[in-house]
Amino acid sequence: MQKACPECGETIRGRVDKKFCSDACRNSYNNKANKDLRNIIRNTNNKLRKNYRILEALNPEQKSKASKGRLVEKGFDFNYITSIYTTKTGKVYYFVYDQGYLPLEGDYYALVKRLQ
């Protein structure tokens, strides 16, 4: 019994358990199958990377202050963070890797860098 390649339909030659006719067909098939998953991961990582670069640029001294308007103007997306840290006093810091921000009064944010 001859099997057909699920990607191109060619007859598969070789080992009995072989699923594709070539490495190119195997790669093409798997890339198509994982396309949606990879896109969402790539888009999320791009947004996190952009947020990180914005925080890093606005916080060169590892502790500063910025307005919400300035963050938004640079393209910061408050929906993308990597962790949340709550202090003993109840203050909530939002982090993008080691760059973080703390909401202050009047649409300002304290920008911090977590020491590793």
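Is Tyr 97 buried, partly exposed or exposed, and what is its relative accessible area? Tyr 97 is partly exposed, at a relative accessible area of 45%, where buried stands for under 20% relative accessible area, exposed for over 50% and partly exposed for what falls in between, with a 1.4 Å probe and protein chains only. The legends below describe a predicted model, in which local features need pLDDT of at least 70 and side-chain atom pairs count only at pLDDT 80 or more, while totals for chains, interfaces and linings use all residues. Residues are numbered from 1 along each chain as its sequence is written, and side-chain values use heavy atoms, with hydrogens and water left out.

**View 1. Overall layout of the protein.** Three helices and five strands are present, both being DSSP runs numbered from the N terminus (helices H or I of at least four residues, strands E of at least two), and along the sequence they follow the pattern α-α-β-α-β-β-β-β. The radius of gyration is 24 Å, whereas a compact globule of 116 residues would have one near 13 Å; this radius is taken over C-alpha atoms, and the globule rule is 2.2 Å times the number of residues to the power 0.38. Along the principal axes, the C-alpha atoms fill a box of roughly 75 × 30 × 20 Å. Of the 116 residues, 23% are buried.

**View 2. The largest nonpolar core.** A nonpolar core is a set of buried Ala, Val, Leu, Ile, Met, Phe, Trp, Tyr and Cys residues joined through side-chain atoms within 4.5 Å, and the largest one here has 12 residues, among them Leu 48, Tyr 52, Leu 55, Phe 76, Val 96, Tyr 101 and Leu 111. Helix H2 (35-58) and strand S5 (108-113) are the elements that give two or more residues to this core, and H2 gives the most, with five residues. Apart from this core lies another, of five residues, including Tyr 93, Phe 95, Leu 102 and Ala 110.

**View 3. Surroundings of Tyr 101.** Tyr 101, one of the residues of the largest nonpolar core, has contacts (heavy atoms within 4.5 Å) that include Leu 55, Phe 76, Ile 81, Val 92, Tyr 109 and Leu 111, when residues up to four places away in sequence are not counted.

**View 4. Gln 99 in strand S4.** Gln 99 is found in strand S4 and is buried, with a relative accessible area of 2%. Once its neighbours within four places in sequence are left aside, Gln 99 is in contact with Tyr 52, Leu 55, Glu 56, Asn 59, Tyr 94, Val 112 and Lys 113.

**View 5. Two loop residues with positive phi.** Gln 62, found in the loop between H2 and strand S1 (63-67), has a positive phi of about 70° although it is not a glycine, and is partly exposed at a relative accessible area of 39%. Tyr 97, in the loop between strand S3 (92-96) and strand S4 (99-103), is likewise a residue other than glycine with a positive phi, near 60°.

**View 6. Arg 114 after S5.** Arg 114 lies in the segment after S5 and counts as partly exposed, at 31% relative accessibility. Not counting residues up to four places away in sequence, Arg 114 touches Ser 83, Phe 95, Tyr 97 and Asp 98. The C-alpha atoms of Arg 114 and Phe 95 are separated by 8.7 Å, with the two residues 19 apart along the chain.
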